[in-house]
Amino acid sequence: MRGVLVYARTATAAALLGAAALLLPVPATQAAGPADAHDEPAVIAHRGASAYAPENTLAAIDLADRMGFDWVENDVQRTKDGELVVVHDDSLARTTNVEQLFPGRAPWKIKDFTAAEIATLDAGSWFGPEFTGARVPTLKQYVNRVERNHQKLLLEIKKPELYPGIEKDTLRVLRQEGWLNRHHVKHRLVIQSFGADSVKAVHEQRPDLTTGFLGTPAVADLPKYARFTDQINPTHTSLTADYVAAVHRLKGAHGKQLQVNTWTVNTAAAATRVNDFGVDGIITNNPDIVRDAVGG
């Protein structure tokens, strides 16, 4: 059965790679998604087009671009020697061949490997043979590819408790690569995290940046979050129309309506449901399915 599933997924990816160039691009939206709650929600490719290419790789954001999606989401963590890399899990085991190359170093945590060691890993073959040789990108490589593709970036600081000071490091790389100029800050960049203190740190160091908190705070606590963030970004299974309305009644850190980007929505039914709630953005592994469902 696994062989059949891999074949089907590979065939789907190959078909999309061939056909995506024919798709028209999605109309540009402001950073943080559409400002008007009545607009179609922004469709955000979660870890790139991760249903069809290995997550958080350059191949995944390139495919999202060819499919016509402006917004991509990624995860950033820090290596043993201080390099920022784009990986979701705090272990390299699931999405690379680290167990084969470094068998004696379980549990293969990112923080225990140097950037040079991580650069030797295959981050694509686990997903499909056509992606063999894909690498774990550094944050610098990733944002440069997003820039080349003229895409927009929803950047998640992953597990900040493991990496003290990662907010400053992330902002430094973004500044060095030109992502903290006025245009990028206003239109093309959002930084989010599950860590409220991490979001606060970003807001304090760069008050001009759009930020998002990943989670579903109690309605009574929303005003506290609105002081340092512009978005409340909950899992779609926790959402109700009343909750979205409660968020929208508040103004965020920049004096504009607090917004809602929800995750990870991978079916047409779920996309239609959250769209009916009035969300501003939908984060998805299947951006094509969501776009077809909501028109974003």
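The legends below walk you through several close-up views of this predicted model.

**Figure 1. An overview of the protein before we zoom in.**
Welcome to a predicted model of a protein with 296 residues, 54% of which count as buried. Its secondary structure consists of twelve helices and nine strands. Among contacts in the protein with a separation of 6 or more, 63% are made by residues 24 or more positions apart.

**Figure 2. Phe 127 and Phe 131, an edge-to-face pair.**
How many aromatic pairs does a search of the whole structure find? The search gives six. One of them joins Phe 127 and Phe 131: the ring centres lie 5.8 Å apart and the planes stand at 75°, so this pair is edge-to-face. Are Phe 127 and Phe 131 buried or exposed? Both are buried. These two residues also belong to one aromatic cluster together with Trp 126.

**Figure 3. Phe 194 and Trp 263, a pair that links two loops.**
Here the ring centres of Phe 194 and Trp 263 are 5.7 Å apart, and with the planes at 90° the pair is edge-to-face. Phe 194 sits in the loop between strand S5 (189-193) and helix H8 (196-205), and Trp 263 sits in the loop between strand S8 (259-262) and helix H11 (268-277), so the pair ties together parts that are 69 residues apart in sequence. Phe 194 has a relative accessible area of 40%, so this residue counts as partly exposed. Trp 263 is partly exposed as well, with a value of 22%. If ring pairs are new to you, two values are worth looking for: a pair is described by the distance of the centres and the angle of the planes.

**Figure 4. Helix H8 and what covers its buried residues.**
Stay with H8 for a moment and look for the buried residues Ser 198, Val 199, Ala 201, Val 202 and His 203. Which elements cover them? The cover includes S4, H6, S5 and strand S6 (210-214).

Arg 105 lies over the face of Phe 113, at 3.9 Å from the ring centre. Leaving out residues up to four places away in sequence, Arg 105 touches Asp 112, Phe 113 and Glu 117. Pro 107 is placed in the loop between helix H3 (98-101) and helix H4 (115-118).

**Figure 5. Two residues with a positive phi.**
As background for this view, most residues other than glycine have a negative phi. Arg 47 is not a glycine, yet it has a positive phi of about 60°. You can find Arg 47 in the loop between strand S1 (42-46) and helix H2 (58-66). Is Arg 47 buried or exposed? With a relative accessible area of 12%, Arg 47 is buried, as buried means under 20%. Lys 159, likewise not a glycine, has a positive phi of about 45°. Lys 159 belongs to the loop between strand S4 (152-157) and helix H6 (166-176). At 34% relative accessibility, Lys 159 is partly exposed.

Rolling a probe the size of a water molecule over the atoms shows where empty space is left. In this structure there is one cavity of 30 Å³ or more. How much space lies in the largest cavity? The answer is about 80 Å³. The lining of the largest cavity is made up of 15 residues, and Glu 55, Asn 56, Val 86, Val 87 and Thr 95 are those that lie nearest its centre. Sorted by class, this lining has six nonpolar, five polar and four charged residues.

**Figure 6. Ala 270 and its surroundings.**
Our last stop is Ala 270, which is found in helix H11. Ala 270 is buried, with a relative accessible area of 12%. Setting aside neighbours within four places in sequence, Ala 270 is in contact with His 236 and Val 265. The C-alpha atoms of Ala 270 and Thr 237 are separated by 8.9 Å, while along the chain these residues are 33 residues apart.

Definitions and conventions. Residues numbered from 1 in each chain as written. Predicted model: local features only at pLDDT ≥ 70, side-chain atom pairs only at ≥ 80, totals over all residues. Heavy atoms only, no water. Phe/Tyr/Trp six-rings, centres within 6.5 Å; stacked < 30°, edge-to-face > 60°. Buried < 20%, exposed > 50% of the residue type's maximum accessible area, 1.4 Å probe, protein only. Helix = DSSP H or I, 4+ residues; strand = E, 2+ residues; numbered from the N terminus. Lys NZ or Arg CZ within 6 Å of the ring centre and 35° of its normal. 1 Å grid on protein atoms, 1.4 Å probe; cavity = no way out; pocket = protein on both sides within 12 Å on 5 of 7 lines; lining within 4 Å. Points joined across faces, edges and corners; volume = space filled by probe spheres on them. Nonpolar A, V, L, I, M, F, W, Y, C, P; charged D, E, K, R; others polar. Contact = heavy atoms within 4.5 Å.
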